[in-house]
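Dear colleague,

I am handing over the structure below, and I would be grateful if you could look through it alongside these notes. What I found follows directly after it.

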Protein chains: 4
Amino acid sequence: MSQKPRLKAGILGATGSVGQKLIRLLDRHPWFEITALAASARSAGLPYHKAAHWLEPTSIPEAIRDIEVKTPDDDLDCDFLFSALDSSTAREVEPSLARAGFPVISNASAFRMDPAVPLLVPDINPSHAELVCNQPDFAPGFIATNPNCATAGLVATLKPLDVAFGIEAIEVTTLQAVSGAGYPGVSALDIMGNIIPNIPGEEEKLEEEPKKILGRLENSAITPNVFPVSAQVTRVPTVDGHLLCVSVSLRRRADISEVRQVLTDYRGELTHDELPSAPSHPLQVLNGEVGPQPRLHADAGGGMTVTVGRLRPCRVLDFRYVALVHNTIRGAAGAAILNAELLASRGLLSHRSQAPQGSTLCEPEYQRACI
Amino acid sequence: MSQKPRLKAGILGATGSVGQKLIRLLDRHPWFEITALAASARSAGLPYHKAAHWLEPTSIPEAIRDIEVKTPDDDLDCDFLFSALDSSTAREVEPSLARAGFPVISNASAFRMDPAVPLLVPDINPSHAELVCNQPDFAPGFIATNPNCATAGLVATLKPLDVAFGIEAIEVTTLQAVSGAGYPGVSALDIMGNIIPNIPGEEEKLEEEPKKILGRLENSAITPNVFPVSAQVTRVPTVDGHLLCVSVSLRRRADISEVRQVLTDYRGELTHDELPSAPSHPLQVLNGEVGPQPRLHADAGGGMTVTVGRLRPCRVLDFRYVALVHNTIRGAAGAAILNAELLASRGLLSHRSQAPQGSTLCEPEYQRACI
Amino acid sequence: MSQKPRLKAGILGATGSVGQKLIRLLDRHPWFEITALAASARSAGLPYHKAAHWLEPTSIPEAIRDIEVKTPDDDLDCDFLFSALDSSTAREVEPSLARAGFPVISNASAFRMDPAVPLLVPDINPSHAELVCNQPDFAPGFIATNPNCATAGLVATLKPLDVAFGIEAIEVTTLQAVSGAGYPGVSALDIMGNIIPNIPGEEEKLEEEPKKILGRLENSAITPNVFPVSAQVTRVPTVDGHLLCVSVSLRRRADISEVRQVLTDYRGELTHDELPSAPSHPLQVLNGEVGPQPRLHADAGGGMTVTVGRLRPCRVLDFRYVALVHNTIRGAAGAAILNAELLASRGLLSHRSQAPQGSTLCEPEYQRACI
Amino acid sequence: MSQKPRLKAGILGATGSVGQKLIRLLDRHPWFEITALAASARSAGLPYHKAAHWLEPTSIPEAIRDIEVKTPDDDLDCDFLFSALDSSTAREVEPSLARAGFPVISNASAFRMDPAVPLLVPDINPSHAELVCNQPDFAPGFIATNPNCATAGLVATLKPLDVAFGIEAIEVTTLQAVSGAGYPGVSALDIMGNIIPNIPGEEEKLEEEPKKILGRLENSAITPNVFPVSAQVTRVPTVDGHLLCVSVSLRRRADISEVRQVLTDYRGELTHDELPSAPSHPLQVLNGEVGPQPRLHADAGGGMTVTVGRLRPCRVLDFRYVALVHNTIRGAAGAAILNAELLASRGLLSHRSQAPQGSTLCEPEYQRACI
């Protein structure tokens, strides 16, 4: 892919916490530059630094500070869009912007389970990207989604196990950080020194999304995997990093050393060289008996590496382990960026001025990239 | 039981956090009064208020402040002993004090799995108390133990299910508070905004103790229950209250409303009237979808009631729920006190001056109480 | 005062965190019973347990659960009102309800600095209660207020010093708990492992309110005290209890032992016997060098005792010390209840049916109580 | 200074938290390479990765993992030493190693107030470095120290004010992070959701060290500044970053805009180009009313920039502001490294093989650098 000039990216939901993370991670990105920011009517018309309650530990990038915030209804000067919208807004806004011609790379849950929309993790199921070429409801643009933040951690560990042994069943209990709820999100009075043993809607996502992600692409459609997932989620007083305590049953009998080897050797379907945000290791098996820990390991691989520890036999299912995912990077903003990179590398994102008028993005020349 | 005069209680490990909790909970106890405090040589000779780094939110009871701390080797003026020793010290000290004639009501793990020692929860397995009458290794005294703090929560929920349906298998992930590690215990640098996905030795206890507690007493011996337990423990930044995320398989098919009814109706083998520290409800099923929570529910029933919420079907095993136990009350100090009350109510604790010289506590008159 | 029948109390802002605390503290109150609950239109018509996101560690009192929540505009069946409204709502609602005949015992800041309204702390300035008899703007009812939560802690320590030595100047830095911001209040993302060195409007209150509270009542008007207060407030990750680090200059030269004696001996203008919620000690000087601490000492005296420690000479002003106040009890709900008790004990609250139609509460018979 | 080959640095107290921070910050340092690690006898003989309970969020640098840990008594192969020892050990070990010929760049408090030892902050008092040339007690090596972690933040703000207006008096209250206590340091049970209003010895350091740092060098001796400092320290539940709430009286009358300008314009006595670890701005005045905050601003300038906010007039002294310092970087490890860089740039550190046998480090050629 030619890296010059960079593709122009817009961000929907730019003032929220995932929007902010997108801005920070895209700062000096080799392929993309941010040219449009959209948020709710309340922020519209303000320079970004006045519209956003900035939460990142580094300053707002200079090139972003004074961009005027628009609404999704305004004319957005960009080649494609990242969506960090909440789900209910996404349900309205994303289709209409796709139909207006924009590829929408979404972190929202609204269309993740739509059969026409890929639930995409580049190192796990890059072939699913092909779905974007056939979305009549959203053409001439398209929608591509990344998974729920906790799901993102779970599937990184399931993929190599599924390939090697087949997944039979999963029990998972999560300990999720407050950044997963956005801003203002969780009240301090609710979570300081406390645990909330529920996050509405989250368990359903953890129980359904992995089956689509690890599903089989046949005839341009996904046949979901069939293993049951039983999930209990909790909110805990950590800032970043969702921890997952997993028990797994495998289809094929395996011993612990095989399982460890398979997880250790896993490199995913991508190489670091291919996409700028791909980590050298999508998965890292930790030594020792006290990891992973959110404060120590969430930033592994720039927040894009899922860490795993405490692998051992389980007395009820087959094996137990603990995984950690940086929920706002690997589980949100970083995931969306990696999806955009995958799509760009396959020719599925392009400069708007170069796209044939009225065509869907995937006709003639684009179709080739989908194969 | 005659409540006058009160039995004289000594505390081993009196300066530690469980020792402190025992002191607070025994303040104005109707049956017991504290007359002896023992700790390590470092504290010996000091008045208690100088020896202890007091952590309870109420002041040291006046009657306790100036008691001189002794060592376990000193002459301890009391009728029986609570042991809040760490496990390795308990292994040495408890047998020798039992052999010196003291009933030892222990919170330590050292002898929990000893076949001759009851692992006692008065509302669950009061009949196991009988074991104290036949401990040749520890006579003329005896040792009685309460479970690990997380186990205490788990078994409170398992007992009614086992009676009604039979337990087939258990998957449990715990989120444990820092008070479970004693003082100074966990370093703030390790746990603030963090999770440690391991506590050495804890998973083994959760996997073994429930089977003994729910075991069958036959011919003065316990036949452990056989269901497998698979446990993952974590330390989280909460102060008091261990949360347990449980999946259970039952032997007999049950629907969710039956399970809810069985948990709701459970009152245990004791009534509140019988023992002063017994809660009116050993188990309480919460309404709503956001409980139990450590800050809101750990103190239920004065810390002696285990709370349960989020009961629902499980996609892999049969049912899922979340339970909460106050780890230093129901899971430690309160459990030991309730054990002492049970034993006293059955005539197994007595004023030392009244015990026949050289006899074991359980000969002639005591034996009757054991039936 | 006759305790039978109890006065009927209504609560404005009943679903908020201070409203909840009022409900808990008034449970089984000997003089008052809650008969009316008001909140915003969103809650109106619901039974209380459905309208409130209950945050207290004990359950909603049975007598309260099913009371139907009204709005302040509805007909409220009660003899007087507690106001736990936010300041801007209070500014509208409190005067209109006072004019409708209700005594309004308010925790809101709206009228604290109004010259006609007492800023009342029963153990400090009970004589200021007299102001309620002369509020032409609010008659036939009246408004009485308690101070800001941090101010409540500061003045408890200033009063004895002012009486004994005269206050010359105050420097204070506060470390305030999140419960002070109500619910949902502070975002967990803002405060976990963090400090926010500002709370809008709070420093002004700390700098002005103490001068009115320690002011002189002359001819039915308050002449404020004149000492300057310089305040820096911070929000810190604690749940309950505002800590105040104070430096004080005194008008009269004093040595440290005198200052310690004056603080230790202070009992306030009330006795515990007089008012049900008055603590036996409004102020408690701690021994040792590591207190007060929020988790250990905020509940002293049921949350109504301010604790003081670290008293020592200051190298710049005269003395330094640290004080702790339970911000939602002594600094809010408990303060309002104590004010109501003071007013009731002086005959300034009465059964509405017994109040002469159209009269101000303070005419004829009430006036006598004001002397 | 020639950067080839790099000077060989040893670290005393290498396994502690400041030792670990030194190791991380020195990774790929252009002037220094770590060649020796020393710790207590318990760690001696182990490879570093087995001796240290590693707490940094990045892995142990590869070059360090397998260095064998020695004791300070062993033969240490290095040109100079960083000391991250606790104060009591430092009092014994640092002089003996200095007398053995090593320059000791110490973070310990043991010799900070020794008149012969510079209490050095390169951007504030670089001329004080000269003191190392005249330390008969420690020759042929020397000892140079950096200030206490909270002092490091305070003096960064005092220096420009002192130069422009003269400091008359300081009131300071600190909110200090747990990392300041090392590891294991503060017990989680003591600090979670809590504040401890004392840190033994800390207030004395804050009250004395600034006067030496801002003292005048005359005839190779420091005349301390004379302004009084009154300090109240607290430990709060933050991880990194000490917050200081400061009131200052100035000798010369100034208005708020002048004070703001002086703080904003301050660049210190060094340029970023000169020393590799010097931040471009030693001090940064924040806009807005809600900073500085530990989580957002402690890492400013790689942890070497002190941030300031909330500047405003004080009603008792002249001005008030809040400052934040990264306590383990600017306040410890980074400060020591910057000191070493300053000394190296002035020729006061050299390759041991090149130092004349038996000479003090500061004879002939070195003396010139001290002018």
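Thr151(B) counts as buried because it has 32 C-beta neighbours inside 10 Å; a residue is called buried if 20 or more other C-beta atoms lie within 10 Å of its own, exposed if 12 or fewer, and partly exposed in between, with C-beta atoms placed from the backbone. Please bear in mind that this is a predicted model, in which local features need pLDDT of at least 70 and side-chain atom pairs count only at pLDDT 80 or more, while totals for chains, interfaces and linings use all residues. Residues are numbered from 1 along each chain as its sequence is written, and chains are lettered from A and ligands numbered from 1 in the order in which they are written.

Thr151(B) belongs to helix α5 of chain B, residues 149–164 (helices, H or I, of at least four residues and strands, E, of at least two are DSSP runs, numbered from the N terminus). Leaving aside neighbours within four places in sequence, Thr151(B) is in contact with Lys205(B), Leu206(B), Glu209(B) and Pro210(B), where contact requires that the C-beta atoms, placed from the backbone, lie within 7 Å. The C-alpha atom of Thr151(B) is separated by 9.2 Å from that of Glu208(B), which is 57 residues apart from it along the chain.

Turning to chain A, there are 11 helices and 13 strands. The radius of gyration of chain A is 20 Å, close to the 21 Å that the globule rule gives for 371 residues, so chain A is as compact as a globular protein of that length (the radius is taken over C-alpha atoms, and the rule is 2.2 Å times the number of residues to the power 0.38). Of the 371 residues of chain A, 60% count as buried, and among contacts between residues at least 6 apart in sequence, 74% join residues at least 24 apart.

Between chains C and D, 36 residues of chain C are in contact with 36 residues of chain D. On the side of chain C that touches chain D, the elements that each supply at least two residues include β6 (167–176) and α9 (294–297).

With kind regards

Terms used:
Two residues are in contact if their C-beta atoms, placed from the backbone, lie within 7 Å.
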